[in-house]
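Thanks for making time this morning.

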Amino acid sequence: MLWIRKEIRVNGIVQGVGFRPFVYQLATSLGLKGYVLNSSEGVIIDVEGEPQKIDEFIPLLTSKAPPLSKIENIVVRTPNQVQGSFAEVKGYASFEIRESLLDGKFALISPDIAICPDCLSELLNPADRRYQYPFINCTNCGPRYSIILDIPYDRPKTTMAKFKMCPECEREYQDPSNRRFHAQPNACPVCGPQLELNVVRGFSLANEKDPLDTAIELLKQGAIGGIKGLGGFHLACDAANDDAVKRLREKKRRSNKPFAIMCPDIEAVKKICKVSAQSEKLLNSELKPIVLLPKNSEAKASHYMNPISKYVAPDNNYFGVMLPYTPLHCLLFSTSPSPPYKGWEVEGG
């Protein structure tokens, strides 16, 4: 049976978006052999197999690519086009993901991605081992740009390097059928980062309660919190509390510039703003951007929310609105663990 070999270089946003696991699964499904690896300029694929299978494989790299990837170009070369070690068919025994290649070039890195529906479901499921774990993530979501220290994008070159995966997380990381297969920030409550709360009342105070419960209670009491998340910190308070919003303005020295509002869900957004289909799509996208929306003059408080403070966006016909984009944001709005803080959160970052 005739086999051929190809070298394929893929450039674009192809690191930190599940591209290598995708290539692995695609190649093995077609019976191809070889390897895929990250390099400092993108992804390199060395593949061999039946000609018709490789001909099928190459266009699928684009048409079936992970949704978070963005391919700029694909270069396919055969052995006689490559100098040096790239020779005829090697006779690889399998297809594998290999260690990254350091070649001193430049690679595009994915932005941070908002929590995906699968992780959100696990986050709020009491039976799941990552229940209420504020750093839950998978190949389809979580930190990327915020944690990278160098390229190629591999765990040792991220701020997650010091967190050694526990056996269960390691099993997921090595399992091609798992959505955490080669997810570099993979972690759980056993082996990953932990949530901390520092309460400041003129001095640092060690917190003896659950950090999440305490943060929710402080927000309800009118406190201002600095929440460390993807991309840095943002300052938050209850957007329905006049005194809290006014104090935030004073501390930020922002006399009238509008603050953004984080709402728990799209239904809450519609209570305060006019939301078009396009705006709703933007709000729910994987990047969870702040979207400028016309205020709803007929907005009314629901059974768990008070009206937005007039100090959030004074003398303005629009609100800048966003939805929770990190697991921690979702937990602050969730129905667990004790009475829920199902309110508005104003961001003054």
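I will begin with how the model should be read and then turn to the helix pair.

This is a predicted model, in which local features need pLDDT of at least 70 and side-chain atom pairs count only at pLDDT 80 or more, while totals for chains, interfaces and linings use all residues. Residues are numbered from 1 along each chain as its sequence is written, and side-chain values use heavy atoms, with hydrogens and water left out.

Helix α1, residues 19–29, packs with helix α2, residues 51–63, at an angle of about 150°, and their axes are 11 Å apart; helices here are DSSP runs of H or I with at least four residues, strands are runs of E with at least two, and both are numbered from the N terminus. Axes are lines fitted to C-alpha atoms, for helices over the stretch in contact, and angles run from 0 to 180 degrees between N-to-C directions. The two helices are therefore roughly antiparallel, a term for angles over 145 degrees.

On the α1 side, the contact (heavy atoms within 4.5 Å) is made by Phe19, Phe22, Val23, Leu26 and Ala27, and on the α2 side by Phe57, Leu60 and Leu61.

How much of α1 is covered? Of its 11 residues, 8 are buried, where buried means under 20% relative accessible area with a 1.4 Å probe, protein chains only. Among them are Arg20 and Tyr24, and the buried residues of α1 pack against β1, β2, β3, α2, β4 and β5.

Finally, Gly31, which follows α1, has a positive phi near 75°.

Key
Parallel < 35°, antiparallel > 145°, perpendicular 65-115°, else oblique. Buried < 20%, exposed > 50% of the residue type's maximum accessible area, 1.4 Å probe, protein only.
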